[in-house]
Amino acid sequence: MKKKLLSAVIAGFMAATPVMAELTFSALSYRTGAYGNNGIPFADGYLDYFTLLQERDGGIGGESIRVIECETAYNTEKGVECYEATKGEGVLSYSPLSTGITYQLIPKATADGIALHTMGYGRTSAKNGQIFRNVFNFPANYWDGASVGIKHLLDINNGDIKGKKVALVYHNSAYGKEPIRTLEELSKKHGYELMLLPVDHPGQEQKSQWLQIRREKPDYVLMWGWGVMNPVAIQEAVNIRYPMENFIGVWWSGSENDVLPAGDKATGYKALAFHAVNSDFPIFDDIKKYVVDTGKAAGAGDQVGTVLYNRGMYNAMLITEAARKAQEIAGKSNISQADMIKGFEALEMTDARMEELGLGGFGPSFSVSCENHGGDGMVAVAQWDAGAAKWSIVSDFQASDMSVIQPLIDEDSGAFAAENNLSPNCS
Amino acid sequence: MFYREAGDFSTTYREDSQTFPIKFDRYRYYAVLIIAFAIIPFLLNDYWVNAIFLPFLIYSIAAIGLNILTGYCGQVSLGTGGFMAVGAYATYKLMTAFPEVSMVVHILLAGGVTAFVGVLFGLPSLRIKGFYLAVATLAAQFFLVWLFNRVPWFYNYSASGQINSPERTLFGIPITGANTEPWAVYLFCLVFVTISAVVARNLTRGAMGRKWMAIRDMDIAAEIIGVNPLTAKLSAFAISSFFVGVSGALFFSVYLGAVEVGEVFGINKSFLVLFMIIIGGLGSIFGSFAGAAFLVLLPVLLKNVLVTGLGWPTDLAAHLEFMIVGFLIIVFLIVEPHGIAQLWRVAKEKLRLWPFPH
């Protein structure tokens, strides 16, 4: 009896035995905690796309798909536990949807030779693929976001923002601190004054920050927020009657869940976007037919077509396209973790391919190379209309200011290379 | 029958005052050490080390540290997370400033720095007690986290505000960074845990521990019989913070490798370690281990049973995990308010009489 119990306990700690005859992906998701309101739609979209490929096409290139979901609660310790628990199962790529967990996983995944795809988050300098061989952050990163945010301000001010005051309300973590360097450099170039307002985890208490905004009256407010911090900030902005069209969030602060609690007054709030934010694409008919109507939708199945659902789906799409590319390069359908990295590195998203997938015009076309793991950084601005309860893109997709960002990337990736005794190479 | 004093004669004072006076206990202790040092390292893989053994060992050191302060000396502290952060940032600054010095030295020095900071924040304990002291240590928690976030010097001006532990070796074997072997980091932490536990156990059995316990039980009476509250309380703060600092240093450099202070060393960490010693047993070294094991292993076990074993949705399992762990904590405290260590003590009493209880 005792032995039985012991072996049951040991079996409990061990993960299930590996099954190698299928393509295994991981979903380090979070559906609980202070970030669950944003984690749930993303995870649903991510999982539903894999389910769609499995149900409609029978997998990728004839191989069936297995996705292992693991709850991280946006917590780095749990994220590491999830990574260690799943990596032995031949997982092809990790996307932790957390900058903190990404920083943990970069050295581990590099040592294990597993690809990390951090789409629009994570360590920005991973764009330099000569040093971060297995880390990919296409199609856009935080510094692109910061740069395009400032470009948008330039556009609406006829190219001159000298002397304007720009406040950055940010999550006081690695994630929120990422854009500061870029914004500082850009302020030197364009002559605006930058004001930094950190908000501590989880972000429910922001009275003092918004009091300061009320007092100092910055012309524009940028926000790097996530989870419960977003709706609180937007509500506070409404409370102090801050002009919403001058309030711009990063793409992680631009979902329906963030603006709906503030009601009608949130109309005009802007957020950056690197993909379409509406649901008028043929792929949603397939998702409805093969996933939602068959009862296979992840979560409650009520998030289809929301901004973060779309982003999760887009992320899964890029990963599966990379897997297809890897199959093509390796010349076999059952690819290894090393093949997957090559697939990511050779990924080419063309408009024609997006059209084929039922996602024509959903995101920018770009190609990945060893030198550039970050895509072209095409970002647009979306605006919220509370009356129609809809986000819509209000600007063109435009590229970031690489003359400012590239030196920062070189500097930061160089520092990482020096810390870890790496030399840049592409072979 | 086999667990008894009878027949085990001590012929020297040394033997008479040893930690484990009962032969069976002593052999069990040696057996645990042999298994931990000579057998487990061969059975380890990355998952077992990173998900189970490292957190368990490192939290054990933190729990031993807090137990000295709260369990033995009676000074409630909610600043454990902040003191762990001091240990972590001290190692980071040391290991990046002096790469050629051994990690062992850095971690001990980090413990020393934390001891100093602990004494500083322990000063109010000479005037205030109980809940008021808890609030003062809470201030330490928030102040320290704020400080490490605010002053870029602490994180070497990195863009993300995170600290990352570069690779360092001991006898040519990497123990920090990404290319570590599971057995190496396990043994490295195990050595620290073993030494911490032995030192703490002997400190608490000696004159110093008696002074702490006198202060805990009634400080006025202790003062009257000649215990100096200044040295007793401050030594408890210093030694406790030393262990907590060592655990924070290991937590950052060996276990996580990259740390963001607000998330990793927040108030939650202080509560977690406090719960460990309450559940494990206040004023018991064994209790520190038992509490750490309970709160580190149970969530992992539940997650694996519910998600991997039964295939339930991850969010349902995560919520259930909270409920089950919370429920078990309440059950434990109702059944045995003095923690797991007391259960162990009762079991030993029963064993001593077995099989002829009277």
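What follows is a working chat about a predicted model with chains A and B.

Q: Which domains does the assignment give for chain A?
A: There are two entries: domain 1 covers 2–141 + 281–376 + 412–419, and domain 2 covers 142–277 + 380–406.

Q: What separates their centres, taken over C-alpha atoms?
A: The centres of domain 1 of chain A and domain 2 of chain A are 27 Å apart.

Q: And how many residues does each domain put into the contact?
A: Domain 1 of chain A contributes 25 residues and domain 2 of chain A contributes 24 residues.

Q: Which helices supply at least two residues each on the domain 1 side?
A: In chain A, these are helix H2 (36–57), helix H4 (99–112) and helix H12 (307–330). H12(A) gives the most to the side of domain 1 of chain A that touches domain 2 of chain A, namely 5 residues.

Q: What is that side made of, by class?
A: The side of domain 1 of chain A that touches domain 2 of chain A has 12 nonpolar, 11 polar and 2 charged residues.

Q: Switching to the two chains. How many residues of each are in contact?
A: The contact involves 35 residues of chain B and 36 residues of chain A.

Q: Which helices of chain B are on the side that touches chain A, with at least two residues each?
A: Helix H3 (46–72), helix H11 (261–264), helix H13 (285–309) and helix H14 (314–335) of chain B. With 6 residues, H13(B) gives the most to that side.

Q: Where is the kink in H13(B)?
A: At B:Leu297, with a kink of about 30 degrees, shortly before the proline B:Pro299.

Q: What follows the helix?
A: B:Gly311 follows H13(B), and its phi is positive, near 70 degrees.

Q: Last topic, the open sheet in chain A. What is the strand order, and is the pairing parallel or antiparallel?
A: The order is S3-S4-S5 in chain A, 3 strands with parallel pairing. Strand S3 (93–94) and strand S5 (135–136) of chain A are the edge strands, each pairing on one side only.

Q: How many bridges join S3(A) to S4?
A: 2 bridges join S3(A) to strand S4 (residues 115–117) of chain A. A:Ser93 has A:Ala115 in S4(A) as its bridge partner.

Technical notes:
Residues numbered from 1 in each chain as written. Chains lettered and ligands numbered in written order. Predicted model: local features only at pLDDT ≥ 70, side-chain atom pairs only at ≥ 80, totals over all residues. Domains from an automatic or database assignment. Contact = placed C-beta atoms within 7 Å. Helix = DSSP H or I, 4+ residues; strand = E, 2+ residues; numbered from the N terminus. Nonpolar A, V, L, I, M, F, W, Y, C, P; charged D, E, K, R; others polar. Bend = angle between axes of the 7 residues up to and from the residue. Pairing = 2+ DSSP bridges.
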